Amino acid sequence: MNNHEPLRQVLETPGPVRLHVENGRGRILVRVADQATTDVTLTGARAAEVRVTQDGRRIGVHAPKPRNGIFGRADELDIEVVVPLDSDLIARSGSASVTASGRLMTARVKSGSGAVVLDQARTVVVDTGSGDISVAEVDGDVRVRTGSGAVDLGRVAGAASVSTGSGDVCLGQVLGTAVVKTGSGDLEVGESTADLTSKTGSGDVVVRTARRGRIQVKGASTRVHVGIPAGTPVWTDVTTVSGRVSSTLPPVGQPEPGADHVELRATTVSGDITLVPA
């Protein structure tokens, strides 16, 4: 693709836009900037066939359909779009990766095998077949689903809903409720400050720091590891058939009215359940 001169278009967009972009194979690159235009740069053998449209604040960038129903190297395209602040993104791809830098209002991405990497958005919805998903920061709610891709969410200010078949899930900091479903993928949470529900077949569950809320874990061969800050009361209802239950937490007693406390409900068949100081 480097042998082809990029094609560029500049559209007048004095306010935020709603960008719809589709690309089967290659890359989708979106960047948010403080400007009053939307800049589109296309690179690839079929760049001239890309359809760029504008209808009010809606901007469309659509790659040509693949020839013979199969994407070949000649169908690979780089689509790079620079949009104004607080714009919305709707992206669809086959194997094309999707990367967005800067703060978006909403990001809705659907991809087959392409990876999705987002910087920051108020609301995020991502669905992939096997592509990995990474989001640095979500100001509100996030909902992601993938077949076998890994999921890495940095900071989520609202509610998080995550579903994956075999991919691992990593949540850095979750300030709202979180519901995570995995088949065989592990779940690791850096900091949980609200209710957390995890259902898994064989994945392990690790919560580095649980500050408050109800943690519910249900799994088969799942190992459960939860860290509790010093002085935080914990109420437990844990069951494991052949695993061990252990705790190195000092006794704290009943929580004062309105004070932070953690409620742990965990059920596993063969996994160990461990509580430790955070």
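Predicted model: local features only at pLDDT ≥ 70, side-chain atom pairs only at ≥ 80, totals over all residues.
Residues are numbered from 1 along each chain as its sequence is written, and side-chain values use heavy atoms, with hydrogens and water left out.

The protein chain contains zero helices and 25 strands, where helices (H or I, at least four residues) and strands (E, at least two) are DSSP runs numbered from the N terminus. Its C-alpha trace spans about 70 × 40 × 25 Å along the principal axes. Of the 278 residues, 45% are buried, a term that stands for under 20% relative accessible area, with exposed meaning over 50% and partly exposed in between (1.4 Å probe, protein chains only). Among contacts (heavy atoms within 4.5 Å) between residues at least 6 apart in sequence, 42% join residues at least 24 apart.

Strand 4, which covers residues 37-43, is largely enclosed by the rest of the structure, because six of its seven residues are buried. Two strands are said to pair if DSSP finds at least two bridges between them. Strand 4 pairs in the antiparallel sense with strand 1 (residues 7-12) over six bridges, and Glu12 stands opposite Thr37 of strand 4. Strand 4 also pairs in the antiparallel sense with strand 7 (residues 77-83), here over five bridges, and Asp39 has Val82 in strand 7 as its bridge partner.

A nonpolar core is a set of buried Ala, Val, Leu, Ile, Met, Phe, Trp, Tyr and Cys residues joined through side-chain atoms within 4.5 Å. The largest such core holds 62 residues, of which Leu19, Val61, Val124, Leu171 and Ile215 touch the most other members. When neighbours within four places in sequence are left aside, Val124 is in contact with Ala107, Leu118, Val135, Val138, Asp141, Val142 and Arg143.

Beyond its neighbours within four places in sequence, the contacts of Ile273 are Val224, Val238, Thr239, Thr240, Arg244, Val245, Ser246, Ala266 and Thr268. Ile273 and Thr222 are 51 residues apart in sequence, whereas their C-alpha atoms are 8.6 Å apart in space.
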